[in-house]
Amino acid sequence: MSVQGLIPRTDFSARFTTYFKPKETGYHTIAVKGNDGFRVIIDGQEVINEWKDQAPTYAQYNGKFNADQEYHVVVEYYQSGGSALIYLGAQKLETKVAVED
C-alpha cells in the first residue's frame, strides 16, 4: 500500500481534473510523462492517448488556446507494475507550429 495506505503502489487507476487558463492567446504545448498508461482530454476532446503498459513515456499536444479562457483538462492514468509516474505541464510556444484544427 502507499504511504497513506489508501492507494496501492501498483495496479490502480486515477483521474485528475484541472483547468488551464493561459495568460496569452497563442500556441501552447500540453505535455505528459507517465508510466504506464495515460490520456489527456481537453474540453471533452481526447488529445493524447498512450493507454498501454510502457516504460516512462513523454507525449505532447500542441494547440491554439485563447487568453483568459478556461479549458477543462482531464488526465486519466493507470499503473500496472513497477514505478508509478505521471507529470502534466503546459507551456506557451514562442513560434507557431503546424497543428491540426
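S1 and strand S6, residues 71-79, pair in the antiparallel sense over 9 bridges. Here strands are DSSP runs of E with at least two residues, numbered from the N terminus, and two strands pair if DSSP finds at least two bridges between them. Within this pairing, Arg 15 stands opposite Glu 76 in S6.

A word on the source: this is a predicted model, so local features need pLDDT of at least 70, side-chain atom pairs count only at pLDDT 80 or more, and totals for chains, interfaces and linings use all residues. Residues are numbered from 1 along each chain as its sequence is written, and side-chain values use heavy atoms, with hydrogens and water left out.

Back to the sheets. S1 and S6 belong to an open sheet of 4 strands, ordered S1-S6-S3-S4, with antiparallel pairing. Its edge strands, each pairing on one side only, are S1 (12-20) and S4 (45-50).

The other open sheet has 3 strands in the order S5-S2-S7, again with antiparallel pairing. At its edges are S5 (57-65) and S7 (85-92), each pairing on one side only. S2, residues 26-35, is joined to S5 by 9 bridges, and Gly 26 has Phe 65 in S5 as its bridge partner. Overall, the protein has 7 strands and 0 helices.

Now the rings. A search of the whole structure finds 6 aromatic pairs, where rings of Phe, Tyr and Trp (its six-membered ring) pair if their centres lie within 6.5 Å; planes under 30 degrees apart count as stacked, over 60 as edge-to-face and the rest as tilted. One of them is Phe 20 with Phe 65, edge-to-face, at 5.2 Å centre to centre and 85° between the planes. Phe 20 lies in strand S1 and Phe 65 in strand S5, so this pair ties together parts that are 45 residues apart in sequence.

Phe 65 also forms an edge-to-face pair with Tyr 71, at 4.8 Å centre to centre and 90° between the planes. Are these residues buried or exposed? Phe 20 and Phe 65 are both buried, and Tyr 71 is buried with a relative accessible area of 7%. Buried means under 20% relative accessible area, exposed over 50%, and partly exposed in between, with a 1.4 Å probe and protein chains only. Phe 65 has 3% relative accessibility. Ring pairs link Phe 20, Phe 65 and Tyr 71, together with Tyr 61, into a cluster.

Finally, of the 101 residues of the protein, 35% count as buried.
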